[in-house]
Amino acid sequence: MSLCKSYGKDKVIFATKEDHETPSTVQLPESEPRQGLILENGDINWNCPCLGGMAIGPCGVEFREAFSCFHYSQAQPKGSDCYEAFSTMNECMREYPGVYKQNLNEEEDEDASNVAGMIAGDEGDEDDKEDVDPPTKSVAAEKTVATKAK
């Protein structure tokens with residue numbers, strides 16, 4: 001026969017060998033299906049943990065508008081009609097770098113403008129591309145490889 005003792009919020013159950021000999025009769029309830037980002041009716045689940053709190057942060061309204069625009073977009077390529085919404089969201093996020101952890105250096109600004117140009121349908125000029133030599137091994141890396149080979 002088992003014995004139960006309560007210690008504040010905790011409950012301790014001492015079970016005997018006889019208690020474990022009979023199969024359990026506990027019935028677990030059916031688990032609810034997990035909701036993903038897109039609900040069955042096609043709406044966006046703003047409470048999805050996959051959004052990482054973006055929908056409720058300081059730029060939550062801007063994020064929801066941009067994401068909704070992209071989700072419901074019929075344009076080809078998808079989301080190409082959402083440039084303004086994403087620009088507004090980006091501007092808002094720049095105002096809160098501590099929250100959104102952006103590195104606002106020049107290289108990323110250039111990359112962002114290139115992406116924005118692609119979304120807007122601008123094709124980059126082929127003359128803008130530079131010839132880049134493949135990376136070469138440093139002297140230390142060559143010595144390391146030579147040492148390992150011996």
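Gly60 sits in helix 2, which covers residues 60-72. The model is predicted. Gly60 is buried, because its relative accessible area is 2%, under the 20% cut-off. Setting aside residues up to four places away in sequence, Gly60 touches Met54, Ala55 and Tyr100. Its C-alpha atom is 9.5 Å from that of Cys92, 32 residues apart along the chain.

Cys92 belongs to helix 3, where the buried residues are Ala85, Ser87, Met89, Cys92 and Met93. These buried residues pack against helix 2 and helix 4 (97-100). Helix 3 has 12 residues, residues 83-94, and should span 16 Å at 1.5 Å a residue. Its end C-alpha atoms are 16 Å apart, which agrees.

An unreviewed UniProt entry lists residues 59-94 as "domain: CHCH". Over that stretch the chain is 69% helix and 0% strand. The end C-alpha atoms of the stretch are 10 Å apart.

Three disulfides are present. Cys59 and Cys92 form one, with sulfur atoms 1.9 Å apart. Cys59 lies in the loop between helix 1 (17-21) and helix 2, and Cys92 in helix 3, so the pair ties together parts that are 33 residues apart in sequence. Both cysteines, Cys59 and Cys92, are buried.

Cys69 and Cys82 form another, their sulfur atoms 2.1 Å apart. Cys69 lies in helix 2 and Cys82 in the loop between helix 2 and helix 3, so this pair ties together parts that are 13 residues apart in sequence. Cys69 is partly exposed at 24%, whereas Cys82 is buried at 1%.

Cys48 and Cys50 also form a disulfide, with sulfur atoms 2.4 Å apart. That link is right-handed, with 130 degrees about the S-S bond. In sequence order, the bonded cysteines pair 1-2, 3-6, 4-5.

Methods:
Residues are numbered from 1 along each chain as its sequence is written. This is a predicted model: local features need pLDDT of at least 70, side-chain atom pairs count only at pLDDT 80 or more; totals for chains, interfaces and linings use all residues. Side-chain values use heavy atoms; hydrogens and water are left out. Helices (H or I, at least four residues) and strands (E, at least two) are DSSP runs, numbered from the N terminus. Buried means under 20% relative accessible area, exposed over 50%, partly exposed in between (1.4 Å probe, protein chains only). Contact means heavy atoms within 4.5 Å. The expected span of a helix is 1.5 Å times one less than its number of residues. UniProt positions are given in the numbering used here, feature names are shortened, and annotations may be inferred rather than shown by experiment. A disulfide is a pair of cysteine sulfur atoms within 2.5 Å.
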